[in-house]
Each structure stands twice: as C-alpha cells, then as structure tokens.
Amino acid sequence: IPLAASSTEAAKKNKRTPIDLYVKQATWPQTMHSSAEKARTTEHISADIDLLLARIYKDFPHETDWFIQDASGKSSEYFTTEDPVKFEHNMINSVLAEFNSLHNIDYQFPKPTNDPNSAARLQAYLKLCKQRRKLRLKPIAKKTPKIVFTKHYNLGGSHYAYTEGLSDAQNERHFQPGSALCLLEFNAAEPKITTLLENKDGVIRDPDVSWDAKRILFSWKKSDRQDDYHLYEMNVKTKQIRQLTEGLGYADYEGIYLPDGDILFTSTRWDYNDRGQLYPQPLFQMNPDGTSQTEFYGNNSWFPTTIAHARGIPGSQKVVCILTGHHTHQHGKLAVIDPTKGRQEAAGIQLIAPIRETKAVKIDKYGQNGDQFQYPYPLSEDEFIIAYCPVSAKNKKYTAPFGIYFTTADGTRELLAYDKNISCNQPIPLKPRKLPPTRPAIVDYNKTTGTYFVQDIYVGPGLEGIARGTIKEIRVVALDFRVAGIGSNGNSGPAGGALVSTPISIDNGTWDVKTVLGDAIVYEDGSAFFEVPARTPLYFQALDEKGHVVQTMRSWSTLQPGENFACVGCHESKDISPVRGKITKAMKAGPKKLTPFYGPARGFSFPKEIQPILDKHCIKCHDGTESRQGQKKAFSLLANENLDIKAKRKWSDSYLALTNKGQSNDTVNWINVQGPPTMLKPYTAGAAKSKLITMLQNKHNMVNLSTEELEKIACWIDLLIPYCGNYTEANAWNEEEIKKHNRFMAKRKAMQNLDAQSIAKRKNN
C-alpha cells in the first residue's frame, strides 16, 4: 500500500494535509488558527480517514487489515504523521515480534532504507505479512479444513428483531435480494471458495451443519412478495436440496440441528412486558424439548443493550456473542459471557479481539463505531471463525462488506473469504461433531398444563426487606399479543420512549392485553405450588393481604405440557441452589389449581370491570355538570366515549380522568412501562401507592365498596391501567382496518391449528 508517499516535500510546500492527495472531497482548511478550528479539523480528518480506509479495504482487504492490525490502533496517525518512516518501521517490528515471540522463529530483517518515498520498505512489510499469514492459518486449517458460509446483505432494519420482511409485512420492508451458499476449503493452507447454491432474486441465510456433517440446513426466501423464509436441507455428497417447511406469510429461519435429530428454528419474537423495549434484549436458555426456559444473562440490566448470535464455547459454561444495540443492524462488538462471574450488567462480560476493559453503559445503538463483528463460531475459548469488517465509515457515505475471518481472543486475525460486492456471513465448520449426552424429553403432550413450584418466595432480592407473612398469594397473568398494527400512541420514561401499535391503554399504560388467570396461595413458609395452562406466556405478581402488588415480574415465562418448573425464591440468582431436604407446605399439599379472580379467566377490561363500579358508587357526584350555583361539580367518571384519532380508540371520561390522560399520578400511581430494566424495589408503585385506593378504603364521601370492588380497582392499577380486554374492544377502525385485523387473526388461528395437529401427532407417537 504506497500510502507513505503522502508525506512528500511537495505536499508540505503546498500546505496540504497528506490525506488530501487521496480523498478528493476533503474540505479541511488550508491553515488552522484557533484551537476550535484544530479540533474540528481533527474530527474531519478522522472521518475522512475512516472513509478512505473503507474504500481501500474494498479492493485490498488483506493488505488493509494487516496495516490496521500492525498500526496498533493508530492507523489514522499514519496519514498525518511527519515521520512515516518510523511508523512503517514499527509496523515491520510488530510482524517480527509476533514471529519471534509466538512462533520461536528468529527472522533477521535487513535495515530498511529511510527514504520517505521508498516502496521497498512496504513491499518487504507485505512479504512478511504473507509469511505470517501461513503460520496463523495452520491451526484452523487443521481443526476445520471446510467451512460453510453465506453471502447476503447485512440483516436488520431499524430494529434488529423484525422478521426480515415477511411477504405480508405490515410496516417495514428491508428485503435485499442476492445471496449464495458457499463452501470454503483449505488448499495448501490457502482457502478455496466454491459456490454450492446461488440465488440472485432471493436470500439464503442461517446455515447449520448436521452432527454427522452429511447435511446442511439453511433458510431461503426466493422472492420479496411471493415467498418467505423456509427451511431447506442440502445433501453434502449429492448437493440435492429438499424443502422442509412452507407457507406464504410464515417465516422459518435460524434453524439448528438438535442432537436427537429434531430441528429448532425461529418463527416470531416479542418480549416487552411492562418495561422499556430498548434495553431488555437479554440472552435466555432452554432445554432441547423447550422446557426450563429461563434467563442466561442480562434480564435485569441496562447493559448489554442486546445480546445476539450467541454460541456455546466447547468445554465451558461460557458463550461467545455479539453485543449490539436495539435500533441497529445485527453487528457490534465481540464478547465472551461467563455467567459464573455474574449475570447482570458487565459482571460476566468480557470484550475480546482485543481483550480490553468492559464497562456497563446505557446506549441504544451500542457498539456501532469502529470495527464490526457478527456471527461468531467458537473453535475453542481462544479461537473463533467470524464475520468481520475491520474498517469504519462513521459518516455512512460508504460501508465496506464483511468478510469471513479466523481470529483469536487477543485480536490477531486473518481473512478467509471475501467478496467486494456483498458481505460474507454466518460461517460454520463442515465437520462431524461428537454427539453430547442426550437429555430425554420430558414433555407430555397428553397434558395441557404444567406446574410452577416456589420453595421460598422471600429468598432473593425481589422481596428484600419485606417481612415474612406479607405475601399471601401469587397472581398469574396471561399475555395476549397483538396481531396487527392499527392506530398508535406513545410512552416515555427513564428507559426511553416508543410508538405503541394497536394500543389497549393510553400512553404510559400496559403494552398488551392481560388476562388474570387466578391466584395461587403462598403458604406461611413462603412456598407455593400451582397449575397453569401450558404453552402460554405468563407473568406473576406477589400480593399482600389487601390484594395489592408488592413485587411484579416484568418479563414472561411459559411451560411445556407436563413440565414442572421450580424456583428458589423471587428474582433469586440463577446460581443459587434450593435448600435440599426441605419439605415445604406447598410440597405436602401438592399442586393446586388457581383460584379464579371473581369469575372465569378473561381479558381485563376497564369498561366491563371498573365502569360498573363507578356507575354504582361515583357518578352521582362525578358527572362533570355544573350545580345550580354555577359551581362545577367533580370531574366526570361517566362512560361517555372520547375519540382518540391517533390511537383509533374510544376512551371513556372516567378512564381519561383517573389516569390523567396516561400520565401516572398520585391518585392512580402505576409502574411506568418505560421504567428501568433493573429490578424494582418492592412496593415501587401500584395500588398500594395510589391515593385512590386509600380514599376508597377510607369510605370517601360515604362510599362503601365491597372487597371484590376494591380488589378489582387495585388489580386494574397493578396491571398498568388496561382499558381493553381484547384488541377489538372500543375500536374506532374503518372497514379496511377491520378487514386487516380479521385477516391477521385468521392467520394466527391457522398457525394454531397447525400447532394443534403437530401436538396430536406427538400424542400418537
């Protein structure tokens, strides 16, 4: 790379910064006078150098990356230094030091010329780099001589979790055709690339290799509107392909082979529940049969913002992953997670390649500056195959493609596969793997329920400081997620803000429709044992004797049929073991059915649950009319409908008045849905902190409410003020919007029918 010539005498005489000779659109000032001008110029130079490196990398990826590595994080200085000779000598010494210290090879290098325009020095440097490359590639060529990978655009829209542009996507579309499934083979230590399958009109993604290395699983979407991602399988020997899943409007991707021969894959995702959506993108784990779904890392953290592309590291409890943001594409920084060191914030996180200090930060678009990583595959705790781009283009004028690299934890790396026109992604070795011990499936598809067991609810930080005997019941709430986006409002708080589609509450109220399934008794020793419907998203609330929430769960859990899930306490560390030999009262009593909440399970509806109470006790005063003396009476608690054009809902007078139009207040004080992802203290907010409950308990204006009425109002507050008990209630939709909702509801029911058929087959087997 003849870049040292930038510091020529001619350049100095012309008072041009060296990089001006290479970047035509550079607009730096000819002279700099004030410190502010110098700061601005430095910023501009840095941005343009990033752009320059990205452009050079596209045509000279090996050479540019070697330069970046051996510049030791100071590659930008090369373009502005007054002494390029010294800089180049340091680069050469970096290569020699690696030879001498890591490989015990004593390279004697003749003293290079000090001529600032000498190309010989850089040619010698490149020759050394090529020799070093051979040594670096020996380990991977031996461990994994064949690697499968894909070529496609960098996945993601404005939000990494979208289902990648379904054929009937309701909003964002970010499908970019052009892709290939490729095979990399080491030939005399240098990789050789073969295209196994190419599709210019579609996208091939998510390769996986069977445990015997005889089949390659991948996902393939052949067109934007006429197809969706489905699973396919290629026979490695014959190259024959068979389709495994189908159905327009359904996406099947991110498939992997399980040790027992089954295939696990992604369909859709939703994980918001009563807290901000930006930061709680943690890593969860489960058994191959879907049981024991629980946190692996970061469920109560600001950091990492998002954990993506995680894979277990062989022979350890650690995983390698990408730390990225929420409103970003699927790339970021490379890290190793060790849950034995902690499971929240940065306690168990180590940034690698290179290994460096890891700080817990609160950033939406985390890890998007500088070099970028995606799709790591661990060969050991120190060696990885990965998709990587070593250059940055912060000004977004140009983005270089990703290549497949072999890298070590300390950051030494070599490029294996590269295409200047499209990113190379998702590498995975094509080699047989030893089958792990098979865990027998415990799912019983003849059952429709599962059970939760809590040994002692007072164990753990969730109820820290709460006296024993306070918790009387556990409320079990099921979540129902929207099928279509119709109308919207917004929320805001410490964790940020968001647009809420098809809102069922106003502004800062709950995200989703909630169904109170019932309550489970908590015995005097803190234990509980109860039965719930299987395959249903659920969350729990610890209630005191008044039926007020002391602590609430702000994620959700689900059980497989026949599964028994056990907890030690409330938000206890996953590393805490239960007390062995302790026979609790709940164990003696056995699993109990939930006690219904004043009737059959139903979506909690303000018009149906709360308005009748107001009509009976409150509207004789709270009717919003003026008295004969011209004095305005108390605010209206009537059921009069108020059209919200944006949300496409009809909220009642009473709902708007009590909720202060969606803003939590002393009268009705609920948990903010944009509250921090970190664990809340007991009694943070809710019915127990709402003046409305205190007023009613004290018989405000001689109003005497029954226990049922008081508990319903408390429940409404603690569910975060839902208005609608389903997504169609109180709607102000037009005919087309009704058709849209019905169409997607029919789609959901069709999927549920397929699911039921699958379960029926498993019962027969």
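Over which residues does pLDDT stay under 50? The answer is residues 1-34, and for that stretch the model has 60 contacts beyond four places in sequence. This is a predicted model, so I start with confidence, which is what pLDDT reports for each residue. The protein chain averages a pLDDT of 88, and 88% of the residues score at least 70.

Now the sheet. Four strands make an open sheet, in the order β3-β2-β1-β20, with antiparallel pairing. β3, residues 190-199, and β20, residues 424-429, are the edge strands, each pairing on one side only. From one strand to the next, the twist averages 25 degrees. As a general point, strands of a sheet pair through backbone hydrogen bonds. Here, β1 (residues 146-151) and β2 (residues 179-187) pair over 6 bridges.

Next, the nonpolar cores. The largest has 83 residues, and F67, I140, L181, F218 and L416 touch the most other members. α5 gives the most to this core, with 8 residues. Take I140 from that list: leaving aside neighbours within four places in sequence, I140 is in contact with P145, I147, F186, L379, I385, F406 and L416.

In soluble globular proteins, nonpolar side chains tend to be buried together.

Methods:
Residues are numbered from 1 along each chain as its sequence is written. This is a predicted model: local features need pLDDT of at least 70, side-chain atom pairs count only at pLDDT 80 or more; totals for chains, interfaces and linings use all residues. Side-chain values use heavy atoms; hydrogens and water are left out. Two strands pair if DSSP finds at least two bridges between them. Helices (H or I, at least four residues) and strands (E, at least two) are DSSP runs, numbered from the N terminus. Axes are lines fitted to C-alpha atoms, for helices over the stretch in contact, and angles run from 0 to 180 degrees between N-to-C directions. pLDDT is the predictor's confidence in each residue, from 0 to 100. Contact means heavy atoms within 4.5 Å. A nonpolar core is a set of buried Ala, Val, Leu, Ile, Met, Phe, Trp, Tyr and Cys residues joined through side-chain atoms within 4.5 Å. Buried means under 20% relative accessible area, exposed over 50%, partly exposed in between (1.4 Å probe, protein chains only).
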